[in-house]
Amino acid sequence: MKSEPWLYPFVNFAHILAIALLFGAILPLDLRLMGLWRSIPLAELKRILVPISAFGLLLAISTGILMISVKASEYLAMPVMQAKLALVGLGILNALALRIVPAWRLLAQVDSRGTISRFRWAGFLSAAIWVAAIGCGRAIGYL
Amino acid sequence: MKHIKGEFPTVDRRMFLLGAGASFLTLPALAHHGWRWAEDGQFELTGLIREIYIGPPHGILEVDVDGVMWRVELGPPSRMRGAGLEEGTLNAGQEVLASGHRSKDRSENRMKAERITVAGITYDMYPNRSG
C-alpha cells in the first residue's frame, strides 16, 4: 500500500463505491420491509437488491481491511472504529437472522406484496445500523 | 410523469426526514482531515524524532520535546513526495523543527506541520500556505 502512490487512493475509492452499492441497495429493501411500496412484490426486490448489497458488503469489507492494515493497531484502538466494526457485525447478524425466518425464505412461493411485523423490524434495524456504521466510518478520518 | 395522488408526497416526506437524520450523524466529524481541527495561529516545536511514519493517509512523526511526546502530523503522500520526504529521508534520533498549527484541543500534544526542518534541510509540504 505504501509503495504504489495510487494504490491507497484506489482502495479508498473502491471502499466508497462498495458502500454506495451496499447502502444504495439495502435502503430501498429496508423501506419496503418497513411497509413502503407495499404493492411491489418483496420477492422480486429481494432477488435484485440482496445480491447487490451482499456484493457491496464483501467489497467494503475487503477494501476496509486493506485500509486498516496500513496502521492497524492505531485504527483498531480508536473507539469510533470499534463502534463501526460492532455496527457492521450487527448489520450482518440482522441480515443473517432474517434468512432463517420461514416467511422470508418462502417469499418466492407466495404473493409477496405487503409486509409483516418481523420484516418491519428487520428493515428498521438494518437502515438504522447501516446509517450509523457509515457515520462512524466517516468520523474515523476526523478524530 | 403523472403522480399517483396521495402516494408520492408521503414517501417523499419520509425520505426527506430520513436523509436529514442521516446527515446529522456526520456533523460531529470536523477534525483531522484538513485544518479545521487546528488553531489558526502559527505554532512551532523542536524535538527529537522517535518514530516515523511516511505513508497514507498522511505521515506522522512522534517527537520527544524535552521529555514530552508530541504527535506531528504531516501531509498526505503526494504532499510529502512534493516536499522531498520519502521513506528513509528521516531517521529516528534526528532533531526536527516542525512549523504549522497546534490542535485546538489543548489537552492533546498534537500539531499539523506545514513544513519541517531536519539536518538543515527544510521540507515544505505546503509552499502555498505562508507562515
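## Elements of chain B

Helices, of at least four residues, and strands, of at least two, are DSSP runs numbered from the N terminus. In this predicted model, chain B contains 2 helices and 6 strands. Their order, starting at the N terminus, is α-β-β-β-α-β-β-β.

Chain B has 131 residues, of which 25% count as buried. Of the contacts in chain B between residues at least 6 apart in sequence, 53% join residues at least 24 apart.

## A hairpin in chain B

Strand S5 (residues 110-118) and strand S6 (residues 121-124) of chain B pair in the antiparallel sense, with 4 bridges. Val118(B) has Ile121(B), in S6(B), as its bridge partner. Between the two strands of this hairpin there are 2 residues, and Ala119(B) takes a positive phi near 50°.

## Helix H1 of chain A

H1(A) consists of 28 residues. From its first C-alpha to its last it reaches 40 Å, close to the 40 Å expected at 1.5 Å a residue. Just after H1(A), Gly35(A) takes a positive phi of about 125°.

The buried residues of H1(A) include Ala18(A), Ile19(A), Leu22(A), Phe23(A), Ala25(A) and Ile26(A). Asp30(A) and Arg32(A) are also among the buried residues of this helix. H2 and H6 of chain A are included in what covers the buried residues of H1(A). An α-helix has 3.6 residues a turn, so residues three or four places apart point the same way.

In soluble globular proteins, nonpolar side chains tend to be buried together. The largest nonpolar core in the model has 26 residues, and those with the most contacts inside it include Ile19(A), Leu22(A), Phe23(A), Ile26(A) and Trp130(A). Helices H1 (7-34), H2 (42-69), H4 (79-99) and H6 (117-140) of chain A each supply at least two residues of this core.

Ala133(A) is also one of the residues with the most contacts inside the core. Leaving aside neighbours within four places in sequence, Ala133(A) is in contact with Lys84(A), Leu87(A), Val88(A) and Gly91(A). A second, separate core has 19 residues, including Met80(B), Leu90(B), Met111(B) and Met125(B).

## Confidence in the model

The model scores ipTM 0.73 and pTM 0.81. For chain B the mean pLDDT is 83, and 74% of the residues reach 70 or more.

Where pLDDT is low, the predicted coordinates should not be read in detail.

Note on methods:
Residues are numbered from 1 along each chain as its sequence is written. Chains are lettered from A and ligands numbered from 1 in the order in which they are written. This is a predicted model: local features need pLDDT of at least 70, side-chain atom pairs count only at pLDDT 80 or more; totals for chains, interfaces and linings use all residues. A residue is buried if 20 or more other C-beta atoms lie within 10 Å of its own, exposed if 12 or fewer, and partly exposed in between; C-beta atoms are placed from the backbone. Two residues are in contact if their C-beta atoms, placed from the backbone, lie within 7 Å. A nonpolar core is a set of buried Ala, Val, Leu, Ile, Met, Phe, Trp, Tyr and Cys residues joined through C-beta atoms within 7 Å. Two strands pair if DSSP finds at least two bridges between them. pLDDT is the predictor's confidence in each residue, from 0 to 100. The expected span of a helix is 1.5 Å times one less than its number of residues.
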